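Thanks for coming. I will go through the pockets first, then the core and the domains. Please have the structure open.

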Amino acid sequence: KLMSLALQPLITPKLVENRAHLKCVYERPPSRQPLHYEVLWSRLSDAGAKEEIRRDTTQQPFSYLEMDGVHLRLGDTVFCTVTAFMKDTPDQQSLPEESSGFYAGIKFLPESLQIAEDGKEHVLTILSTVPITCSGNDDSCKITLQLSTEDLGKTGQLVGPPNVALSSCQVDLHALPCTASGCAAAALTVTAVTDFAQDGDRVTHISARAATRSEPLWRGYTPKDVQVTVQDLPTGNCYSFTDPHIITFDGW
């Protein structure tokens, strides 16, 4: 049987004829006879098991898989596993080599935040790892995301006034050529609201929802929320009483 050939499969996003695809590329090892490759595409199920999507047999050092919103959906983590064999001896195969998991969808960076009630701004990046398709209308090569916040107390119960402030409640992800870092990105700032209340550390979820588009791929897609933990800080107090006496913020 063939030894390990160091095929090193890698998944990259590609836009083909205005459709989002994933491309599995791998090294073509030197060989006296032309090699054939079996490429197994799979994804992680909700239970964490790998589900087969498709198998390809090809002589090319790559394989494409379309993100059609049915067999492969946004939010999936995808793998490709490659095995090489010779045409005359298909029963003698190389050791299968699996790519790293590729998350196909929109994600926040960082995936969670820990901030304090100190007025500082924290940058939150929204990244699309898949190509943004164009619908054919003017200025339509973008995805518009509506952002919202939901405040949850320590116990996860909905509480009080807003705990964080966003610099924008809507961002646009414009189509760009895909690179190793992604296919589109936008940034906003997150600031903890100083509420002058000793209410303990609180948790807020930031969620995004894609505006309605006609493509099945984007229909009803909701990225994973970002969890923001806000550390409560003590605030100054001043008092005035009787004739009057004044106690200032610094305690005098």
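The largest pocket holds about 260 Å³ of space. A pocket here is found on a 1 Å grid over the protein atoms alone, as an open set of points where a 1.4 Å probe fits, with protein on both sides within 12 Å along at least five of seven lines; lining residues have an atom within 4 Å of a point. Grid points are joined across faces, edges and corners, and the volume is the space filled by probe spheres set on the points.

Before going on, the source. This is a predicted model, in which local features need pLDDT of at least 70 and side-chain atom pairs count only at pLDDT 80 or more, while totals for chains, interfaces and linings use all residues. Residues are numbered from 1 along each chain as its sequence is written, and side-chain values use heavy atoms, with hydrogens and water left out.

Strands are DSSP runs of E, at least two residues, numbered from the N terminus. S1 gives the most, with 4 residues. By class the lining of the largest pocket has 8 nonpolar, 8 polar and 1 charged. Ala, Val, Leu, Ile, Met, Phe, Trp, Tyr, Cys and Pro count as nonpolar, Asp, Glu, Lys and Arg as charged, and the others, Gly among them, as polar.

The second largest pocket holds about 210 Å³. Its lining includes Tyr-103, Glu-111 and Lys-224, and S10 gives the most, with 3 residues. Here the classes are 4 nonpolar, 1 polar and 4 charged.

Now the core. The largest nonpolar core has 49 residues, and Trp-41, Met-67, Ile-126, Leu-145 and Trp-218 have the most contacts inside it. Such a core is a set of buried Ala, Val, Leu, Ile, Met, Phe, Trp, Tyr and Cys residues joined through side-chain atoms within 4.5 Å; buried means under 20% relative accessible area, with a 1.4 Å probe and protein chains only. Strand S16 (residues 184-192) supplies the largest share of this core, 5 residues.

Last, the domains. The chain is divided into domain 1 (10-104) and domain 2 (106-231), with bounds from an automatic or database domain assignment. Their C-alpha centres lie 31 Å apart. The contact, meaning heavy atoms within 4.5 Å, takes 15 residues from domain 1 and 14 residues from domain 2.

Definitions and conventions. Buried means under 20% relative accessible area, exposed over 50%, partly exposed in between (1.4 Å probe, protein chains only).
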